[in-house]
There are 2 protein chains.
Amino acid sequence: MTLFDAGQPASTPQAEGRRVKLVVAYDGTDFHGFAAQPGVRTVEAVLGDALASVLQVPVECLNLTCAGRTDAGVHARGQVVGLDAPPDVDLDRLSRAVNKMAGPEMVVRRAEPASADFDARRSARWRTYQYTILNRPEPDPFLARFAWWVPESLDLAILRLAADPFVGEHDFGAFCRRGTGTTVRRVLESRWHASGDVLRYEIRARAFCWQMVRSIVGVLIEAGTGRRRPGDILGVLRSRDRSVAGQLAPARGLCLWDVGYDT
Amino acid sequence: MTLFDAGQPASTPQAEGRRVKLVVAYDGTDFHGFAAQPGVRTVEAVLGDALASVLQVPVECLNLTCAGRTDAGVHARGQVVGLDAPPDVDLDRLSRAVNKMAGPEMVVRRAEPASADFDARRSARWRTYQYTILNRPEPDPFLARFAWWVPESLDLAILRLAADPFVGEHDFGAFCRRGTGTTVRRVLESRWHASGDVLRYEIRARAFCWQMVRSIVGVLIEAGTGRRRPGDILGVLRSRDRSVAGQLAPARGLCLWDVGYDT
């Protein structure tokens, strides 16, 4: 099972293969982010190597794309990856084989056929991130990899009030790390869910700038602990000045939760 | 803040200190079990070193006892540890200082005064263990450290039927690793809880033999997948023959959940 037969002209590989959509979950703790980089262990490199090995094609021929290039330490429950695969690929077997090689740290949750022009990044209509906070006096060994432990008491009503101004179209310059290109984004949802001492912030947007969610959570937590007034948040947003926003929330609490497509 | 003043006679240290009860949680993945052993990293060694450092007493003078000597890789949510501390110890500060040194991998959840004769092991009335199973075709990166992934479909009704015979007083010889002394134990509860594809087996007994819970779970899963008839379990129990019981469930799914005391 190889993608390109030796006798086929290399210039028309797409006609011989099919586009596949994967939904991938990973514990980002020990990955240096998604995007392949020389000399470090990334999600793209580990997933690409496993796919290339199972499909017996060079990794360069997979034409991998992803919905969200998560940073080092950031997790994913619903990362979406597009790739080229041979037309006769058995998607269930592909998932099982990749999971055997890369799991349980990284797991293909679903593999399904996609249209020939499917691009996990460009075709996405929205992305949802969840940020998990543990709010109690002592940490929790079982949440240590996946939550930010905030021992100071947080006021949930204030957190909710502070989350409101982000909804809608804004220039998120104050919440983005050195933006090349526009920092205008449309946020569709920005809300808190509470379950005991575990608080989850969910934010949905068509797209995000770099470190935008962690920057927003950093400011929200400053409001929730009383170090910043919730009424100031609109001012921070309008300033478009990154130095006005506060601390960056740690990567470990962040998870790319879900990505929406038209099809 | 030291336990023994230089001027005090060394022969009456107890009279100068107080007994303290700690409730401790830990991610057992990177510990070689609870009990101190030369040359390996154990819960007792890390906790003992942190306590000795904060209290400024030699670790030998703490007289540490624990409710359950968990094996390598086994977790605890409610391990109970007894120790001697100076009479003027501030228990909240002690917890915070230990958590700063050993957390979030190991966390003191509570610290409270105990009676002078409190022994975490001998004073315990019962222990509860929980064993977590993930039952779905693909693994889950977020449960990988704390659950046993069983991809074969499990029949919950069968699992429940198979769990019943363990309740009551039995000789658990077939479910214990080389028992020195009696292997008769009284099981108070043996039940399954299900939440989606996560199944939790809870077992409560006054005391357990070595590897008893993992051995029971191994047999239960054989029944749940259809490899063993639930009706055979009573026969395994009565055989008192370890070779009749099946595979040992992996350590990672097991957690010392709770310990009960009269006081």
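Chain A can be laid on chain B with an RMSD of 0.0 Å, using a turn of 180° and a shift of 0.0 Å along the axis; the superposition is by least squares on the C-alpha atoms of residues with pLDDT of at least 70 in both copies. That is the relation of a two-fold axis.

Before going on, some conventions. This is a predicted model, in which local features need pLDDT of at least 70 and side-chain atom pairs count only at pLDDT 80 or more, while totals for chains, interfaces and linings use all residues. Residues are numbered from 1 along each chain as its sequence is written, and chains are lettered from A and ligands numbered from 1 in the order in which they are written.

Next, the interface. Chain A gives 20 residues to the contact and chain B gives 20 residues; two residues are in contact if their C-beta atoms, placed from the backbone, lie within 7 Å. On the chain A side, β1 (18–26), α3 (91–102) and β4 (106–114) each supply at least two residues. Helices (H or I, at least four residues) and strands (E, at least two) are DSSP runs, numbered from the N terminus. The largest share of that side, 4 residues, comes from β4(A). Do the copies meet through the same surface or through different ones? 100% of the interface residues of chain A are also interface residues in chain B, so the surface is the same.

Last, inside chain A. Chain A is divided into domain 1 (13–114) and domain 2 (124–261), with bounds from an automatic or database domain assignment. Their C-alpha centres lie 28 Å apart. In chain A, 15 residues of domain 1 are in contact with 13 residues of domain 2.
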